[in-house]
Amino acid sequence: GRRLRRSRRAAREAAHSRVRQIHDLGGDLYACERSLREHHVKRADIAFDRVIHAEYLTFLPVMEDADIQLLA
C-alpha cells in the first residue's frame with residue numbers, strides 16, 4: 001500500500017539524483033529508442049537535456065568501455 005508507494009518513490013528519486021550527478025559531470029546518457037517506444041515515452045518526457053537516442057546495438061560497443069552502466 002502506502003509504504004510501498006513511498007518506497008518506490010524514494011528509490012526513483014535516488015536513481016534520478018544519481019543519474020543527474022553523472023549528467024552534470026559530463027557523462028553520456030543513452031536512451032534505447034526501441035525501449036522508449038515500447039514504454040510510450042516521448043523524448044520530451046525525458047528529464048535530462050543531453051541524451052543520446054539510439055538503437056541498442058548502436059550503443060552496445062560504448063557500454064563495453066563505460067565506467068558506469070545504469071539500466072532501467
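Is Y56 buried, exposed or partly exposed? Y56 is partly exposed, with a relative accessible area of 39%; buried means under 20%, exposed over 50%, and partly exposed in between, with a 1.4 Å probe and protein chains only.

## Basis of the model

This is a predicted model, in which local features need pLDDT of at least 70 and side-chain atom pairs count only at pLDDT 80 or more, while totals for chains, interfaces and linings use all residues. Residues are numbered from 1 along each chain as its sequence is written, and side-chain values use heavy atoms, leaving out hydrogens and water.

Y56 lies in helix α3, residues 56-65. Helices are DSSP runs of H or I with at least four residues, strands are runs of E with at least two, and both are numbered from the N terminus.

Leaving aside neighbours within four places in sequence, Y56 is in contact (heavy atoms within 4.5 Å) with C32 and M63. The C-alpha atoms of Y56 and R34 are separated by 7.7 Å, although the two are 22 residues apart along the chain.

## Helix α1

Helix α1 covers residues 2-24 and includes R3. R3 is exposed, at a relative accessible area of 72%. H23 is also found in helix α1, but H23 is buried, at 3%. Apart from neighbours within four places in sequence, H23 is in contact with L29, F48, D49 and R50.

R2, R3, R5, R6, R8, R9 and R12 gather in a surface patch of positive charge. Such a patch is made of residues with over 30% relative accessible area and no salt bridge, like charges being joined within 9 Å and nonpolar side chains (Val, Leu, Ile, Met, Phe, Trp, Tyr) within 5 Å. Lys and Arg count as positive and Asp and Glu as negative, while His and the chain ends are not counted. The place of a charge is taken as NZ of Lys, CZ of Arg, CG of Asp or CD of Glu. Accessible areas come from the Shrake-Rupley method with a 1.4 Å probe, and for residues only the protein chains shown count as cover.

## Salt bridges

The structure holds four salt bridges, each a side-chain nitrogen of Lys or Arg within 4 Å of a carboxyl oxygen of Asp or Glu. One of them joins R43 to E33, with the closest N and O atoms 3.1 Å apart. R43 lies in the loop between α2 (33-38) and β2 (51-54) and E33 in helix α2, so this pair ties together parts 10 residues apart in sequence. R43 is exposed at 53%, whereas E33 is buried at 16%.

R37 forms a salt bridge with E55, the closest N and O atoms being 3.6 Å apart. This pair links distant parts of the chain, with R37 in helix α2 and E55 in the loop between β2 and α3, 18 residues apart.
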